[in-house]
Amino acid sequence: LPQIARSAGWSGTMTALAIRSYAFLLLNIFLQLFLLCMIAEDEILGSAFAGKVHLCDFGAKMENCPEGAPNCQGLSVDE
């Protein structure tokens, strides 16, 4: 770009402004790509749970346990 600017008779100020505009263009492209990657990551992570909180089913079959089974005790509320 400086050679073209010198051949076209641009001043140093115009050359600096042209270089600055290309730097802003590259910054803009980088920022947009970064934001698109963040949105894509959010879509991937968000769709795994379909917008719902992941809940475990710990103790879901507690009512099927025989009375007094040692490996079939849930959380005690009164403790």
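1. Buried means under 20% relative accessible area, exposed over 50%, and partly exposed in between (1.4 Å probe, protein chains only). Alanine 16 counts as partly exposed because its relative accessibility is 45%. Across the 79 residues of the protein, 6% count as buried.

2. Do keep in mind that this is a predicted model, where local features need pLDDT of at least 70, side-chain atom pairs count only at pLDDT 80 or more, and totals for chains, interfaces and linings use all residues. Residues are numbered from 1 along each chain as its sequence is written, and side-chain values use heavy atoms, leaving out hydrogens and water.

3. The protein has two helices and zero strands (DSSP runs numbered from the N terminus: helices are H or I, at least four residues; strands are E, at least two). Alanine 16 sits in helix α2, and tyrosine 22 lies in helix α2 (residues 12-48) too.

4. Alanine 16 and alanine 5 are eleven residues apart in sequence, with 9.9 Å between their C-alpha atoms.
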